[in-house]
Amino acid sequence: MLEGVKAIGKAMGTTFKALTEPRDTIAYPEKRREYAPRFRGKHMLARDEDGHELCVGCGLCEAVCPAQAIRVVAAEAPTDKPVSWTNRYSVDYEVDLIRCIFCGMCEEACPTNAVRLTPFNELAAFNRLDMIADKEELLSPPVRR
Amino acid sequence: MIRLTIDDREITVPEGTMVVDAAQELGIDVPIYCYHQALGPLGACRICLVQVEKMPKLVTACTTAVQEGMVVHTRGSAVDKGRQGVLEFLLINHPLDCPVCDKGGECFLQDYTFQYGSAAGRYDEPKIHKLKDAAINEFIIIDQERCVLCQRCVRFMGEYVGEEQLLLEGRGVETVVSTVSHQPMDSQFSGNVIDLCPVGALLSIPYRYKARPWNLERAESVCPHCPVACTTSVTSREGHVIRVEGRPIPGHDWGWLCDRGRFGYDFGYVEDRLLNAWLDGEITSAAESTRTIGSWLNDTLEQHGGDSVAFLVGGQQTMEEAYQIRRFADEVVGTSKVAVSRSVKGYLPLGLNGTFEDLDRADTIVYLGQDPYDAVPVVHLKVRDRYRDNPGLKVIGIGAYDLTRSTVPGDAFVLEPGEEAAFLAYTLAKVAASNPIIARLGEELGDFSPTFKGAKSEQEVETLGRQLLESEHLVLLWDGKDPHMESVLLALRGLREDVTAVLPTFGPANWRGFERAGIAVDYDRLEAFVEEAIQGKIHLLFSIGADLLRDYPDRERAKAALAAIDRVVSVGLFFPEQRELYHAVIPGAGWSEVDGTYTNMEGRMQVAKATVQPPGQSRPVRTYLGSWAHALKKSFVLEPEWDPFDHNAGDLIAKDALPEVQSVPKPARPAMKDGALRLVGTALVMEGGMPSEILQPRIPKYPGRISLADASRLGIGEPGGELGLRGQQGMISVMVAVDERIPQGVLVLPYGVVGSPLNQLGDGAVVEAVSLEEVSLR
Ligand code: SF4
Ligand code: SF4
Ligand code: SF4
Ligand code: SF4
Ligand code: FES
């Protein structure tokens with residue numbers, strides 16, 4: 001009997017002690033963790049100051065990607081309507097975020113610094129297709145709050 | 001033979017071999033830019049530096065011939081340093097724009113820089129800027145900044161093809177490659193410079209920015225556009241054919257292509273490509289159409305028996321497909337009526353068929369009826385190659401117009417249309433009248449004597465006769481138009497002691513393969529089919545990859561034949577002409593969509609791999625055959641696959657015995673009214689082939705050709721004009737231009753020109769020019 005009361009008291013003691021200790025979890029999504037400045041999350045495609053896309057559709061990111069997550073289709077821009085800063089640009093640019101292992105090799109391979117991995121990491125969707133980020137989506141990257 | 005050591009390995013090679021080729025034989029790669037075996041050494045780029053013991057300095061491996069006891073080192077610090085220096089110079093003014101360059105990933109400048117170059121340049125001065133992205137014709141773009149001035153392109157066009165259309169302009173670092181007088185290149189062989197350029201200076205416009213070496217697939221194939229069947233490599237990306245390149249076969253073929261073969265690959269994607277099944281003018285589902293056709297077949301067999309069903313096969317099918325069609329006809333339908341749709345009447349016995357190696361050894365080459373430059377372009381290049389090796393090569397053109405051209409000069413005999421066989425029989429009789437074969441050949445010639453446009457003396461005819469009999473290695477290129485030529489060729493073979501080889505330049509491209517697959521290809525077969533159809537003996541026709549109206553020499557007869565058949569089913573890539581004559585049109589799959597074997601004009605079988613899926617509802621023929629057999633509740637097992645290759649004979653079809661020589665009849669000369677023209681048909685790859693959007697700007701707007709005299713009489717100026725023509729069978733209008741090789745009174749028109757059907761009037765017909773209003777009122 002006494003043994004039992006002792007045990008309960010000890011257990012409750014641990015519980016109450018833990019109540020006042022600092023917590024390992026955070027109240028997501030109201031609160032968010034601070035990440036390392038070079039955290040690698042979802043990709044973006046950057047533009048230069050004039051608003052021209054930096055990506056020239058060279059496909060080097062596609063070639064280097066160990067997960068084969070990227071697909072690039074290049075095309076020639078009309079002379080009077082440049083899309084990127086040269087006459088070659090990517091018409092299609094897709095990243096399959098399910099395949100991607102966020103290694104950052106694409107960013108490293110890009111000769112124009114067009115594809116970059118942002119800290120944004122809130123990746124979830126109800127179907128697989130929605131996890132393929134197309135060019136439109138990558139050109140207007142979401143900001144991590 | 002010479003013995004030498006390369007990188008500590010001994011090799012024995014023939015005298016005169018260059019060090020670079022000797023190394024290649026050992027499997028040692030020496031970098032090269034300017035050197036190409038077909039073009040010979042030049043020594044312009046200096047990248048091929050190697051070290052030869054006892055020589056004070058590095059030498060270029062491509063200009064150094066092997067010597068007895070030579071010791072060569074292709075690697076080592078001295079060599080690498082030399083190459084590094086060369087690359088540094090090459091890169092001084094290079095724009096370094098690999099990310100936007102289509103050659104990136106398959107570029108020798110990238111590869112060698114990666115292997116031997118230094119990591120950074122030392123040159124800080126501003127780079128010299130030159131022309132970028134400038135089109136040098138409809139298909140090719142030049143970027144002068146990327147050029148390493150290896151001169152391969154310039155030498156190929158000028159020395160190899162003999163059409164000087166590219167040159168080096170400027171001096172020193174300002175030197176650029178440019179077209180002659182800044183005019184677009186119009187050579188039939190222009191596209192080869194893309195393959196030849198080791199860097200990204202000459203690039204294909206239709207392939208521009210389409211793919212990268214790591215996201216494309218390459219498959220071995222052969223060109224389907226003409227009977228040469230050049231070996232190609234087909235590039236596809238994401239199920240689309242996006243490029244065709246030449247595929248050299250070491251020791252056998254350089255891998256040159258003509259522009260039709262290189263750029264005409266988009267016929268599968270043009271707007272007219274059939275993607276759906278049509279029944280009585282309405283789109284239906286594939287299942288519906290197969291079911292209906294199956295029931296037609298069932299009904300016809302029940303009512304009229306197997307012999308009332310016929311099959312007509314066109315040029316696009318593979319040998320395997322032809323075999324399956326024949327088996328289906330034999331085993332399932334039970335008919336022997338399988339014919340090949342053809343435009344010319346001639347047949348060449350296999351025993352006479354030569355190979356391209358004969359061209360390499362020839363001392364006399366005779367063109368019969370057709371200029372190979374337009375009809376079988378790469379054969380012209382092979383003849384030119386021979387001419388470069390042997391400037392004493394005799395070339396003789398015999399036809400209705402001057403068949404020779406300046407790239408391979410020769411002697412032209414310009415005759416009345418359709419008299420080539422009679423002329424040759426006559427010529428041979430002049431020099432060997434006593435010979436029984438010649439006597440047999442000339443039995444029916446009577447008092448025939450040729451008339452020449454442009455003077456030819458009896459003397460010259462005799463010389464020709466002697467050349468034909470006495471030359472050491474005779475090759476004849478025959479257009480297949482006059483069936484009596486077969487006997488002349490047989491007689492030549494019978495009389496001559498040395499090699500006599502004939503290369504048939506006529507289509508359909510794979511006819512020899514059909515023959516091997518068991519389908520009789522002779523014209524009589526086709527004629528018999530047309531006759532029976534007109535008589536109402538055929539109730540169901542399967543026209544597979546064929547277009548009788550387009551191919552058959554007499555359009556009205558073809559129309560009558562099709563109209564007389566109860567049900568006509570067409571399987572093909574496109575709608576046949578006058579589709580209202582067909583009851584069902586179903587989409588077939590073709591080149592690059594089915595695996596198969598094609599036989600070329602040598603009788604050589606070559607495999608072409610499928611790279612893409614057939615688009616839309618189109619399916620290979622075998623699928624349809626299977627489902628029709630199913631509809632008849634008969635089993636038709638396609639496995640095991642038939643193997644066309646005979647493993648004792650290699651890739652050449654084994655030769656058989658030759659037929660007897662028949663006599664050549666005296667040609668009838670139609671009466672010519674004043675101002676009348678005679679039509680001469682010819683097969684031309686550009687004008688007559690399959691539709692292509694890429695080729696459209698190059699396909700001549702004026703496919704017909706007439707003499708200057710006729711043109712000025714008829715008021716046709718530069719660049720050409722439209723002419724109405726009336727013959728016995730109707731009227732057509734043709735776009736014509738002046739060609740100085742055409743004699744007065746002749747109008748040359750390619751087969752298969754959409755809108756100007758030659759077979760409406762007939763090959764060889766006498767026609768008169770009429771006003772265009774009259775034609776439109778017809
Ligand atoms: S981060 Fe790595 S895995 Fe993801 S797309 Fe880039 S290269 Fe591919
Ligand atoms: S993102 Fe960079 S590496 Fe990828 S295609 Fe564009 S330019 Fe090339
Ligand atoms: S364009 Fe190409 S092939 Fe021609 S000289 Fe320059 S590098 Fe050589
Ligand atoms: S010569 Fe004939 S087979 Fe060769 S590339 Fe040209 S069209 Fe094709
Ligand atoms: S390849 Fe030898 S000098 Fe150019």
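Which residues have the most contacts inside the largest nonpolar core? I looked that up before anything else. The answer is B:V20, B:C48, B:L312, B:V313 and B:V488, in a core of 219 residues. For my own record, a nonpolar core is a set of buried Ala, Val, Leu, Ile, Met, Phe, Trp, Tyr and Cys residues joined through C-beta atoms within 7 Å. Buried takes 20 or more other C-beta atoms within 10 Å of a residue's own, exposed 12 or fewer, and partly exposed is in between, with C-beta atoms placed from the backbone.

Housekeeping: this is a predicted model, where local features need pLDDT of at least 70 and side-chain atom pairs count only at pLDDT 80 or more, while totals for chains, interfaces and linings use all residues. Residues are numbered from 1 along each chain as its sequence is written, and chains are lettered from A and ligands numbered from 1 in the order in which they are written.

**Cores**

Back to the core of 219 residues. Helix α8 (residues 319-333) of chain B gives the most to this core, with eight residues. Helices (H or I, at least four residues) and strands (E, at least two) are DSSP runs here, numbered from the N terminus. I also noted another core lying apart from it, with 25 residues, A:L45, A:C58, A:C106 and A:A114 among them.

I then checked B:L312. Ignoring residues up to four places away in sequence, B:L312 touches B:A339, B:S341, B:F529, B:L541, B:S543, B:I544, B:A546 and B:L548. Contact means C-beta atoms, placed from the backbone, within 7 Å.

**A helix pair**

I picked α12 (residues 420-432) and α14 (residues 458-470), both of chain B; they pack at about 85 degrees with axes 8 Å apart. Axes are lines fitted to C-alpha atoms, for helices over the stretch in contact, and angles run from 0 to 180 degrees between N-to-C directions. The pair α12(B) and α14(B) is therefore roughly perpendicular, the label for 65 to 115 degrees (under 35 is roughly parallel, over 145 roughly antiparallel, the rest oblique). On the α12(B) side the contact uses B:T427, B:L428, B:K430, B:V431 and B:A432. The contact residues of α12(B) with α14(B) come out as seven nonpolar, two polar and three charged. The classes: Ala, Val, Leu, Ile, Met, Phe, Trp, Tyr, Cys and Pro are nonpolar, Asp, Glu, Lys and Arg charged, and the others, Gly among them, polar.

**Ligands and the interface**

Ligand 2 lies between chains A and B. I found 15 residues around ligand 2, the closest being A:C55, A:C58, A:C61, A:C110 and A:V115; near means a C-beta atom, placed from the backbone, within 6 Å. That shell has 11 nonpolar, four polar and no charged residues. Ligand 1 has 14 residues around it, with A:C65, A:C100, A:C103, A:M105 and A:C106 the closest, and its shell splits into 13 nonpolar, one polar and no charged.

As for the chains, eight residues of chain B contact 14 residues of chain A.

I logged two cis peptide bonds: A:Y28 to A:P29 and B:G507 to B:P508. B:H182 is not a glycine, yet has a positive phi of about 55 degrees; B:H182 is exposed, with 9 other C-beta atoms within 10 Å. B:K633, also no glycine, has a positive phi of about 60 degrees.

Last stop was B:S756: buried or exposed? B:S756 counts as buried, with 21 C-beta neighbours inside 10 Å.

Key. Two residues are in contact if their C-beta atoms, placed from the backbone, lie within 7 Å.
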